[in-house]
Amino acid sequence: MAQKNKQTLTFKAEVTQLLHLIINKLYSDREIFLRELISNAADAIDKLRFSALSDEKLLEGDANFYIEIDYSPSENTLTIIDNGIGMSREEIADNLGKIAKSGTAEFLSALEKTQQSDASLIGQFGVGFYSAFMVAQRVDVFSRRAGLGEEESVHWSSEGDKKFSVSPYIQKKRGTRILLHLKEDAADFCQEWRLRQLVKKYADHLAVPVKMLTTDQEKEKATAGQLEVVNEAVALWTKAKNKITEKEYYDFYQYLTGDTTDPLAYTHHAVEGKLEYTSLLFIPRVAAFDLWQREQVFGLKLYIQRVFILDKVSEFLPPYLRFIKGILDSNDLSLNISREMLQQDAQVQAMRQALTKRVLDMLDNIVQKEPELYRQFWREYGQILKEGLADLSADRTQLLSLFRFASTHDDREEHTHSLEDYVLRMQKEQKNIYYLLAESFTLAKNSPHLEQLRAKGIEVLLLTDRIDEWVVSFIPHYNDKPFKNVGKGELEELAADSVEKSDEHNALIERLQAVLKDKIKEIRPAHRLVTSPACLVHNENDMSPALQAVMKASGKEVEVTLPILEINPNHQLIEQIGAEKDDALFAEWAWLLYEQSHLVAGIPLEDPTAYVQRANKFLMQQTTE
Ligand code: ADP
């Protein structure tokens, strides 16, 4: 039984937080509120159209969909009306009382802290309905859900503070009417010219007509006006490519995503033949904040023969392209298709393959024509694209050609080198593509593992993304050149320089071994080092310490593999240690060497205090001598 009285309710905490941000921090781009409200109205119409496919009664005999904009300069009000699905009392209290998106609270707290009104950040988040409070001091929403009786209509009202009210109402027409009592400084939003301009900008490409009262310019200030459709009312993607300007694509993107910046790139294709469909895909300039949240669903808006069917359909692109926004309009799929059916549909599989190729080709194209733009792309999405290597159906060669890395070629932190560049620069005799894994760029760049390779002018890729170790496990080779970790096993190119083991070395190694025996698998002379006394390495098939730590953290049993300590016999410190006669002092030296080689690899020490005490002892000796 519907509640008959007025109720005052409080917004969920995240709405209050969002409203606070909107009202106090967002001054620029206030006009986007109209885009958001028109977009909600169009969604409501889409929803009704879709529901009516299985229940025609909902249309109540009226399938003439429209959005109307009503304005009154004398009262300083603006009203947005739609004859879409509408909302029941429960729905309105729920939809306009909280924010459905997960991760909202974290995002908003972060935004509060930035101290700036970053419209693009909040834009990609999508402020939606609540953006009305940028321009309105009070908002009244009147709604009747399609299919419900007049007396079940509802009136929602709020001044954008902590609370809102919900009261019964009587409304003949189905759908929603949103009445904005504009703030004094927002009076231009009830001016005809301004509204016309905004509707053109934000709703031209909408398939629904947007009507408003217009004055006849010819008859100068004629009072008799009439309702006129002021947008083009043709779905953008159904137009021929050469009839659409870049600006129109950009406006459509902003409308679709709520983003306030232009997209980084887009691709629009109409495919005819066995499968008929149109796709319009965009890459946002900034990666969405929730791309890495597991519970999030990403995907395209699905239309079938121009009718909106489902949002966020993830079946049309692989997860590693989940940053793509856009629409797919199919001519072949059945209008009553469900999400479950989509997963098994052979046509959907075929489209997924084709769309994946489209996106990768678009990226190839950017690489060729706009290298600077590609850098931007890689900064935002490189880590996600790398996940593609795990996708069995992915074209690995094409994917790998899109990857970018930091390298010892220029020691710059930015990832700009392709594998192709690397191979072109390889030395004549060089067989392997060398890479180094590290937790940070500084650790990587200064790693002792690079010393001898640098001396020989052999380039090494510096891999510091968290997923890089996992990534390289999928790429044994590129262009027939094997990938080789510089921290593992023997380095072929340096084998010729291997230090011959002398008796003296053997004696030193035995002594060190006796001290470090439980911690080290083996001690051997290094061929990697020039300026450092020692470093840790692993055998070819051993798990790295970082990966061991990750496995342990995720609760997996890992067999601990001990590292190998490589020493640089020609280093002054090693010579000095070798000459130490006192066994106790020698042991201290051995531990110091062991601990130092952990530090330079970025591996935390088991007992840092012991290390500091040891080092200090030697330092003090130095000063007292
Ligand atoms: P979003 O549109 O991103 O879901 P909003 O804050 O804009 O977020 O809107 C919240 C919800 O309120 C919508 O998902 C929809 O269910 C409902 N809503 C908003 N405007 C309308 C409308 N004009 N008609 C019907 N429902 C609406």
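**Charges on the surface and inside**

Glutamate 151 has 45% relative accessibility, so this residue counts as partly exposed (buried means under 20% relative accessible area, exposed over 50%, partly exposed in between, with a 1.4 Å probe and protein chains only). The model is predicted: local features need pLDDT of at least 70, side-chain atom pairs count only at pLDDT 80 or more, and totals for chains, interfaces and linings use all residues. Residues are numbered from 1 along each chain as its sequence is written, and side-chain values use heavy atoms, leaving out hydrogens and water.

Glutamate 151 sits in the loop between strand E4 (136-144) and strand E5 (153-158). Helices (H or I, at least four residues) and strands (E, at least two) are DSSP runs, numbered from the N terminus.

Now turn to the salt bridges. Each one is a side-chain nitrogen of Lys or Arg within 4 Å of a carboxyl oxygen of Asp or Glu. The count by this rule is 38.

Aspartate 583 is exposed at 55% relative accessible area. Arginine 511 is partly exposed at 26%.

Arginine 528 and glutamate 566 form another salt bridge, at 3.1 Å between the closest N and O atoms. Arginine 528 is buried, with a relative accessible area of 0%. Glutamate 566 is also at 0% and counts as buried.

Glutamate 588 meets arginine 614 in a salt bridge of 3.7 Å, N to O. Both residues are buried.
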